[in-house]
Each structure stands twice: as C-alpha cells, then as structure tokens.
Amino acid sequence: MIAPPLALLAELTHRCPLRCPYCSNPVELARAGAELPTAAWAELFRQAAELGCLQVHLSGGEPTARRDIVEITAAAHRAGLYTNLITAGVLLDRAMIAALRAAGLDHVQLSVQDADAAGAERIGGMAGAQALKARAAALIREAGLPLTLNAVVHRQNLHNLPALIELALAWGAARLEVAHVQYHGWALLNRDALLPSRAQLEEATRVVEEARSAHTGRLVIDYVLPDYHALRPKACMGGWGERFIVVTPAGRILPCHAAESLPDLVFPRFGEMSLREAWEESPAFHRFRGSGWMRPPCRGCPRAEIDHGGCRCQAFALTGDAAATDPACALSPHHHLLAEALARAGDVPFRYRSFTS
C-alpha cells in the first residue's frame with residue numbers, strides 16, 4: 001500500500017511582481033489564461049484531504065496575484081487542510097489579510113531577498129519591495145497569524161545573514177528558514193552568480209549555529225544546505241512520490257516542483273486523472289519511487305532508503321540522465337561536476353527572468 005502524501009504544494013500562478021534570479025518557477029512560465037479556475041482548486045483540495053493530505057502550501061509565483069486567493073483559501077479550509085500562504089508580501093494589505101484570516105488561513109511564510117532595501121531591490125528587481133514586506137509582516141502579526149520568514153541565501157546576500165536573522169526578530173517571525181538556493185530552472189541559469197564559496201558556507205553555518213543558541217525559545221531557525229558543497233545528497237522532497245504532491249498552475253500533478261524538467265516522463269493533468277489516481281497509479285510517480293529503480297552505487301547503499309538517491313531533477317540537469325546517482329554524492333562518477341561549477345562561480349551579472357506570464 002502506498003502511504004498518502006503529507007502535504008500538497010498548490011502552485012496557483014506563475015505571475016509575480018518580483019524577478020528573483022533564483023526563482024523556482026520553470027523557465028517556460030504558464031500564462032494566466034492556462035491557470036486552473038477557482039472551482040477546480042476547490043475540488044482538488046477536497047480530493048487532497050480525501051487522499052490523506054494534512055496541509056496545503058498556497059504558492060506561486062505570487063499567489064496573491066490571483067484575484068480569487070480568498071476564495072481559494074476558503075476552499076482549502078473547508079476541505080479540512082491546514083493552510084500556509086507562501087508569499088512575497090508586496091501585494092498584501094490590511095483588507096486582504098483580514099479576508100484571508102476570515103477565510104481560514106492558518107500561517108504565512110513571507111519571503112525576503114536581503115536584509116537591506118538596496119540589496120533586496122537589486123536581487124528581487126522591484127523598487128520599494130522591502131518597505132512593502134515590512135508592512136506586510138506587521139499586518140500579519142497584527143492579525144494574529146503566525147509568521148515564518150523565508151530567506152533564500154546565496155553568494156550575493158550571505159554577507160548579510162546576521163542582519164537577516166535580526167530582521168526576522170524585528171519583524172516578529174517565530175521561525176526563520178535560511179535556505180541556500182537549489183539549482184533548478186532560473187537558479188541553474190544564474191548559477192555562476194549565486195553559488196557561495198566554501199568560506200561563505202562555513203561562515204553561514206557558524207552564524208546559524210550561534211543564532212540558534214542565542215535565540216532559543218524566541219526564534220526557530222531551519223537551515224537548508226546547498227548541494228554543491230555536499231558529500232552526500234539530501235532526500236529531495238522526502239523522496240520521489242513519498243511525502244509531497246505538487247500541482248502546477250495549469251493542473252499538472254507532479255512529485256516535485258521541478259519534475260517537468262524531465263523530458264521522458266508524462267505527468268497527469270488534474271481533470272483528466274484524479275489526485276488519488278495520479279499518486280497511486282501514474283507511471284511517472286512510480287518511476288523513481290522506492291529503490292528498485294536504482295543502479296550502483298545507489299543500489300545496495302545503506303543510505304538508499306535515507307536519501308532516496310538524491311534529486312532526480314538535479315541528476316538530469318547535470319548529467320542528462322535522471323536515473324544517475326545525484327552528483328551531490330561523493331560516490332557519483334559525476335561528483336567532479338560540482339567542483340568544476342564552484343571553480344567557475346564568481347561575481348557575474350544576474351540573468352533576470354522576463355515577465356511574460
């Protein structure tokens with residue numbers, strides 16, 4: 001029997017007023033006209049709860065760019081799902097936050113690009129964004145909603161990590177996620193400008209460890225390490241088709257947000273297949289589920305059921321073979337590709353994404 005997913009990542013739209021060079025959206029963005037309508041999301045949430053999901057992450061792009069975000073949130077709440085809004089915050093105002101809370105919103109995860117306004121605007125590509133985020137944080141706390149701050153860190157902002165931690169405290173966040181960039185989509189295109197040096201990584205790790213000790217009981221700090229300095233891969237998404245199910249703006253049902261980058265897999269579309277059928281029966285979900293698909297050195301490795309072979313999308317992006325051992329593993333014959341990428345990385349310009357959706 002296949003265990004149900006714990007959470008649904010609902011990518012409501014690819015539209016966003018920011019232009020972050022590490023954006024997790026695919027390079028080919030879905031246009032607004034292709035987005036699932038409100039009623040489809042409501043049915044999808046009902047099916048997710050029936051399947052066994054406990055929570056839904058309302059994401060994008062920028063989910064509040066959808067005019068029906070309150071109705072969508074209410075539908076998720078009616079389905080019995082814990083609702084988490086993942087937002088840049090720049091479109092939030094008091095009225096929207098009040099409406100979202102009345103609709104059943106449980107939690108807000110607010111992204112921040114840097115600790116100071118100049119850095120945030122340079123990275124996010126939007127003038128005035130930092131002030132809008134600060135206002136959003138205040139309104140979220142005023143509404144009594146729990147707040148997590150999400151700081152994606154990289155070569156361009158790691159020097160400001162201590163200030164980012166202070167920002168989380170000043171804005172009243174109970175949790176801070178310090179997440180090193182994962183190199184898919186736009187981040188892969190901009191990798192040379194984003195990859196941190198070993199010295200930066202070691203300093204960041206020291207800063208996080210000290211802050212965890214200093215702020216125990218006040219601020220929880222999650223820390224997501226980058227793969228390019230690793231000797232063993234992470235269990236990407238908790239394993240392919242193990243814990244998370246993702247639905248794109250156009251309704252594609254995926255085991256992870258980057259899975260559409262794999263060219264040889266056909267992922268079902270909601271409306272043509274139910275969420276349960278996709279999770280339990282889709283060949284694409286079964287392709288890398290478990291460990292039966294693995295080749296040496298993954299096959300027989302004592303970590304096979306721990307890291308699940310690492311990230312299939314990263315393996316494909318770097319080697320052209322989605323079944324290859326993730327190059328983040330030191331046992332991979334392609335591990336040298338990470339060292340070569342680090343050697344090339346430097347202070348090069350961003351390639352901002354085009355706002356075409």
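Is Phe 288 buried or exposed? Select Phe 288 to begin: at 5% relative accessibility it counts as buried (buried means under 20% relative accessible area, exposed over 50%, partly exposed in between, with a 1.4 Å probe and protein chains only).

Before going further, two notes on what is on your screen. This is a predicted model, in which local features need pLDDT of at least 70 and side-chain atom pairs count only at pLDDT 80 or more, while totals for chains, interfaces and linings use all residues. Residues are numbered from 1 along each chain as its sequence is written, and side-chain values use heavy atoms, with hydrogens and water left out.

**Stop 1**

Rings of Phe, Tyr and Trp (its six-membered ring) pair if their centres lie within 6.5 Å; planes under 30 degrees apart count as stacked, over 60 as edge-to-face and the rest as tilted. By this rule there are six aromatic pairs. Phe 288 and Trp 293 are an edge-to-face pair, because their ring centres are 5.1 Å apart and their planes stand at 85°. Trp 293 also counts as buried, at 11% relative accessibility.

Now show Arg 312, whose charged end sits over the ring of Phe 288, 6.0 Å from its centre. The rule here asks for NZ of Lys or CZ of Arg within 6 Å of the ring centre and within 35 degrees of the ring normal. For another example, select Arg 289, which lies over the face of Trp 279 at 4.9 Å from the ring centre.

**Stop 2: the sheet**

Switch to a cartoon view. Helices (H or I, at least four residues) and strands (E, at least two) are DSSP runs, numbered from the N terminus. Look for an open sheet of nine strands in the order β7-β6-β5-β4-β3-β2-β1-β8-β9, with mixed pairing. Two strands pair if DSSP finds at least two bridges between them. At the edges stand β7 (220–224) and β9 (253–254), each with a single partner strand, so one side of each has no neighbour in the sheet.

Select β1, residues 7–11. Five of its five residues are buried, so this strand is largely enclosed by the rest of the structure. In a regular strand the side chains alternate between the two faces of the sheet.

What does β1 pair with in the parallel sense over five bridges? That partner is β2, where Val 56 is the bridge partner of Leu 8. Four bridges join β1 to β8, and these two strands run parallel; Ala 10 is bridged to Val 247 in β8. Carry on to β8 (residues 244–247) and β9, which pair in the antiparallel sense over two bridges. There, Val 246 has Leu 254 of β9 as its bridge partner.

**Stop 3: helices on the sheet**

Select α2 (residues 69–78), which lies across β2 (55–59) and β3 (82–87) and runs at about 150° to β3. α6 packs on the sheet too, touching β4 (107–112), β5, β6 (175–180) and β7, and its direction makes about 165° with that of β5. Contact means heavy atoms within 4.5 Å, and axes are lines fitted to C-alpha atoms, for helices over the stretch in contact, with angles from 0 to 180 degrees between N-to-C directions.

The buried residues of α6 are Leu 161, Leu 164, Ile 165, Leu 167, Ala 168 and Leu 169. Their cover includes α5 (129–142) and α9 (198–214). Just after α6, Gly 172 takes a positive phi of about 80°.

Now step back to Gln 156, in the loop between β5 (147–153) and α6 (161–170). Gln 156 is buried, with a relative accessible area of 7%. Show Arg 122 as well: a polar contact of 2.8 Å joins the two side chains (a pair of N or O atoms within 3.5 Å; within protein, one must be able to donate a hydrogen and the other to accept it, and residues adjacent in sequence count only if both atoms are side-chain atoms).

**Stop 4: backbone details**

Most residues other than glycine have a negative phi, and most peptide bonds are trans. Zoom in on Gly 60 and Gly 61, where the peptide bond is cis with omega near 15°. Another cis bond joins Pro 296 and Pro 297, with omega about 5°.

Finish with Met 237, in the loop between β7 and β8, where phi is positive, near 55°.
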